[in-house]
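Please open the model in your viewer and keep the selection panel at hand.

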Amino acid sequence: MKPVGTVAAQAAVRAARLILGQRLSLPHLLAFIHYNSPLKTANLSRVLLEKKLGRTVIRGKPFILFLEVNNICNLHCPFCLTGKGKTADRQKRNMTLEEMRRSIEAVADYLYMIQLYNWGEPLLNPNLPAFIRYAHRARIFTMVSSNMHFPRPDTAASVVGSGLDYFIAAIDGFSPASYAAYRRGGSFERAIAGLEAVLAARKKTGSGRPLIEWQYVVFRHNQDEVEAAEAFARKIGVDYFHPIPGYIEDPEWITTRPEFRVELGRPESVADCARPWTHLNIRADGGVAACCYEFYRKDDFGNIFEEPFERIWNNAHFQTARRLLSQGLAGAPAVPRTICHGCLASGIRPSFEKMS
């Protein structure tokens, strides 16, 4: 597989965003291209129309799923709530294959993609390859993001061999010191070895899958290593090197390079959020979240292990969230209170808690 040029990839995504929304990324675009069907296209069109009309009770189904396969991690990243040791009032656990099947059965025919991660390290769940195989039988694009600290020697081969479509290697630095500043408890050498193991496993299969992205969160302390990391990524065969802004609130960590800065605290930046129409976010304990940033159990909109999807999808929480995003704070009820109220008022991600 030839490397995907950063400029070319960004241009394709920008063009697609004109139709599919501002939060679309490269894997979303690949899923829409390779895993389409007449039913999915019809549902996508319905969802986008219902969003445009500001409907709060909708007939369309979510077409992107965040499925948190676990909420366990082996690192301690300081801007991650799991890394800080927060529990969210949830049991630390791995989701089972049967729970995964029950979670998606009502929406599987409409899904373009499943992102098999959220507030944990997905490769710590031994059921992950089975999840991927199950999704492929249902013709759903699969993606994981990993810190590259694998629990077993055969982890890379097992995940690659399952038919995974997209693998994100989260490596934020190109030296042991800069890497360890954020990925606390991790090893730069081990992360690079993990990346090379995934590349070797893919080469051995000869399938060209998964597409492998190196995601590099740019902070002030690692901003001068971006170009060296990109050159190395291309040398070893990474398909897409993706430097991204650090969505962080501590000014001492924020990069001084303008191309990698993001302005926080802008409510208008989240006013076009479509997630309550387009996404389903399921936690490892079955909790249905408003979006991928939601962490605490008290903020859940329901629980897919306890009640059917149809009862949750248009409940009072989802209706309120949709009304908030279509009519603004003045036009939506204050009860039930959702994390969308605070997000829309402040423009700050719901998971923001000052670093201790």
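Begin by selecting the rings of Phe, Tyr and Trp: a search of the whole structure finds 23 aromatic pairs, where rings (the six-membered one for Trp) pair if their centres lie within 6.5 Å, and where planes under 30 degrees apart count as stacked, over 60 as edge-to-face and the rest as tilted. The model is predicted, and local features need pLDDT of at least 70, side-chain atom pairs count only at pLDDT 80 or more, while totals for chains, interfaces and linings use all residues. Residues are numbered from 1 along each chain as its sequence is written, and side-chain values use heavy atoms, with hydrogens and water left out.

Select Phe32 and Tyr112 next, an edge-to-face pair at 4.6 Å centre to centre with 80° between the planes. Phe32 lies in helix H2 (residues 26–34) and Tyr112 in the loop between helix H4 (97–104) and strand E2 (113–115), so the pair ties together parts that are 80 residues apart in sequence; helices (H or I, at least four residues) and strands (E, at least two) are DSSP runs, numbered from the N terminus. Both Phe32 and Tyr112 are buried, a word that stands for under 20% relative accessible area, with exposed over 50% and partly exposed in between (1.4 Å probe, protein chains only).

Then move to Phe309 and Trp313, which form a stacked pair at 5.5 Å centre to centre and 25° between the planes. Both lie in helix H11 (residues 309–313), four residues apart, about one turn of the helix, and both Phe309 and Trp313 are buried.

Now display the strands: nine of them form an open sheet of mixed pairing, in the order E6-E5-E4-E3-E2-E1-E7-E8-E9, and two strands pair if DSSP finds at least two bridges between them. Strand E6 (240–245) and strand E9 (302–303) stand at the edges, each with a single partner strand, so one side of each is left without a neighbour in the sheet. Elsewhere in the sheet, strand E7 (residues 279–282) runs antiparallel to strand E8 (residues 287–289) and is joined to E8 by two bridges, with Val288 in E8 as the bridge partner of Ile282.

Is strand E5 (211–218) buried or exposed? Eight of the eight residues of E5 are buried, so the strand is largely enclosed by the rest of the structure.

Strand E4 (residues 166–170) pairs with E5 in the parallel sense over five bridges, and the partner of Ala170 in E5 is Gln215. E5 and E6 also pair in the parallel sense, over six bridges, and Glu213 stands opposite Tyr240 in E6.

Finish with the cysteines: the structure holds zero disulfides, a disulfide being a pair of cysteine sulfur atoms within 2.5 Å. For Cys77, which is in no disulfide, the nearest cysteine sulfur is that of Cys80, 6.2 Å away, and Cys77 is buried with a relative accessible area of 6%. Cys292 is likewise in no disulfide, with the sulfur of Cys291 the nearest at 5.2 Å, and at 15% relative accessibility Cys292 counts as buried.
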